[in-house]
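Here's a quick tour for anyone opening this structure for the first time. Have a look around, then read on for the spots worth a click.

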Amino acid sequence: MKRLFLLGGMIAAAFATQASAQELTGTLKKIKDTGAITIGFRDSSVPFSYLDDNQKPVGFAMDICYKIVDAVKKELKLDKLEVKLNPVTSATRIPLIANGTVDLECGSTTNNVDRQKQVGFTNTHFLTASRFVSKKTAKLDKIDDLKGKSVVSTSGTTNIKQLTEVNAARNLGINIIPAKDHAEAFLMVETDRAAAFVMDDILLASLAAGARDPNAYAISKDAFSKPEPYGIMLRKGDDAFKKVADAATAALYTSPEGAKIYEKWFTQKIPPKGLNLNVPMGPEQTKAFAKPSDSADPDAYL
Amino acid sequence: MNYNWNWGIFWDQTPDATGTYFASLMSGLQVTILLALVAWIIAFVLGSVIGIMRTLPSRWPVMIGNAYIELFRNIPLLVQLFIWFFVVPELLPGEFGAWVKQLRNGPFIAAMLGLGFYMSSRVAGQVTAGINALPKGQRMAGTAIGLTTWQTYRYILLPLAYRIIFPPLTSEFLNTIKNTAPALTIGVLELTAQARSMQEFSFQVFEAFTAAAGIYLLLSAVVTIGMRMIEKRLVIPGFNVGK
């Protein structure tokens, strides 16, 4: 009998060691082996991830990523974890995540079903809806006010798709201009090439805050879409790493610190120019923080 | 690598519901070809004029031609496109400027002008070189039989010069096709722009850019083969300096 227990104990012990060895796969194993984690940042995704005046990446998503790094460090019981920073663009973020250069992409990447075929996302850190910015002098506030006007949006975004759909559905006869990026699109409103610019409201807020005359612009109340989730991107199918990231972000969002980090980037002056985006936390965002979720479905956040 | 290959993606619908990804790449290809052709016409005509000016006997046309080449050849194409698209309309007088800015095909027109002028400086260089490569006697012979300068160019120098520079002009035309890609930075939805928007929507970045690369290669192959055929027909026996 004693022997049997011993055997049982040995088997259990064998399983236990095997189990702990199994835990370390994928990203976690790589981080343990190399003693380093690589964060992908964007250079101009204000206020999520961008370069400050010292060329150091800062932002809301960066703060969250450093929390995940802390959690990884604790999980792997490391004394020291080197954080490598790697710039990414919308064109490079997928290859760099896929080939293992970048472990976490911290920016303003929309979490949607198509993208989930390719990558994983941790809990949603921000919700944004498609709205439009225009000059206050133009007095546009409803979508229907755009009838017959030239309206710009960034090519290759879901926003331009929503604009196209609304235009067709309501028969507004809008002249839709595709722009190559947000800066160009905003410039087109600034220089009166276009009457309005349709984009994620938070990006519009940061573009307007950075304009020569921030008070000259108004963002519409009317939205083209339900709020869409932004998530921090990681490799698909790496459940162990995702679990650590999910736990870390959930703990952050549900604690008072989550709201504090939000306020730091959205309702206070942010570097490098001391702009204030003035976007207080709305009901959807409050709910997304209270009940952290990695769902790509906008309805999950209503 | 942890990447989910999906070569069937080209037959999926794009989220903006305008058709499949393949169709959007093809529409990009159309814009690329159209832009390359129009820009090439501008480049060829203007380049020829400037190139010929630089071989004229008097001083002023030579200086103007040289200045033109230095100006358009030495500023990066990207910068020139930005100047045409963003700066030039601001310099135009009020109403006219606003009208230009609101043109529906504004980006295309700016890209066409920018690329055309940029390539024209290169074509001009080739044309000058072609004319200068001819033996001096050709020009003198023209004058000797009583032809005017214009006639000498029209009947003697240019027909020979263009035959000599035909191969380098082919490569300039290929450059024009490749140089349509920066036009995406001012909002022309050409092939590279469509590949980019495809990867933004679907996250299938490798498939998108592999397809774009393949299409560019195919397009260049078609042009090269076509130009080779024309080249053969243009040869004057015993007069092809390059060969």
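Let's start with a disulfide: Cys65(A) and Cys106(A) form one, with their sulfur atoms 1.8 Å apart (a disulfide here is a pair of cysteine sulfur atoms within 2.5 Å). Keep in mind that this is a predicted model, where local features need pLDDT of at least 70, side-chain atom pairs count only at pLDDT 80 or more, and totals for chains, interfaces and linings use all residues. As for bookkeeping, residues are numbered from 1 along each chain as its sequence is written, chains are lettered from A and ligands numbered from 1 in the order in which they are written, and side-chain values use heavy atoms, with hydrogens and water left out.

**The disulfide**

- Searching the whole structure turns up one disulfide over all chains.
- In general, a disulfide is a covalent bond between the sulfur atoms of two cysteines.
- The torsion about the S-S bond of Cys65(A) and Cys106(A) is about -100°, so this disulfide is left-handed.
- The pair ties together distant parts of the chain, 41 residues apart: Cys65(A) sits in helix α3 (residues 60-75) of chain A and Cys106(A) in strand β6 of chain A. (Helices, H or I with at least four residues, and strands, E with at least two, are DSSP runs numbered from the N terminus.)
- Both Cys65(A) and Cys106(A) are buried. (Buried means under 20% relative accessible area, exposed means over 50%, and partly exposed is in between, using a 1.4 Å probe and protein chains only.)

**Salt bridges**

- How many salt bridges does the structure hold over all chains? There are 16, each being a side-chain nitrogen of Lys or Arg within 4 Å of a carboxyl oxygen of Asp or Glu.
- One of them pairs Lys30(A) with Asp103(A), with the closest N and O atoms 2.8 Å apart. This pair links distant parts of the chain, 73 residues apart: Lys30(A) is in helix α2 (residues 26-34) of chain A, and Asp103(A) is in the loop between α4 (93-98) and β6 (104-110) of chain A.
- Lys30(A) is partly exposed at 28% relative accessible area, while Asp103(A) is buried at 0%.
- Lys30(A) and Asp103(A) also belong to a network of salt bridges with Arg235(A).
- Lys226(A) and Asp299(A) meet in a salt bridge too, at 2.8 Å from N to O. Here Lys226(A) lies in the loop between β13 (217-219) and β14 (228-235) of chain A, and Asp299(A) in the segment after α11 (283-290) of chain A, so distant parts of the chain, 73 residues apart, are linked.
- Lys226(A) is partly exposed at 43%, and Asp299(A) is partly exposed at 38%.
- Over in chain B, Arg73(B) forms a salt bridge with Glu70(B), and their closest N and O atoms are 3.6 Å apart. These two are separated by about one helical turn because they are three residues apart in helix α2 (residues 59-74) of chain B.
- Arg73(B) is partly exposed at 40%, and Glu70(B) is partly exposed at 41%.

**A buried threonine**

- Thr154(A) belongs to strand β10 (residues 150-154) of chain A. Is Thr154(A) buried or exposed? Thr154(A) has 4% relative accessibility, so it counts as buried.
- Leaving out residues up to four places away in sequence, Thr154(A) touches several residues, including Ile160(A), Ala185(A), Phe197(A) and Met199(A); contact means heavy atoms within 4.5 Å.

- The peptide bond from Val46(A) to Pro47(A) is cis, with omega near 0°, and Pro47(A) lies in the loop between β2 (44-45) and β3 (49-51) of chain A.
- The bond from Pro271(A) to Pro272(A) is a cis peptide bond, with omega near 0°.
- Asn171(A) is a residue other than glycine with a positive phi, near 55°. At 62% relative accessibility, Asn171(A) counts as exposed.
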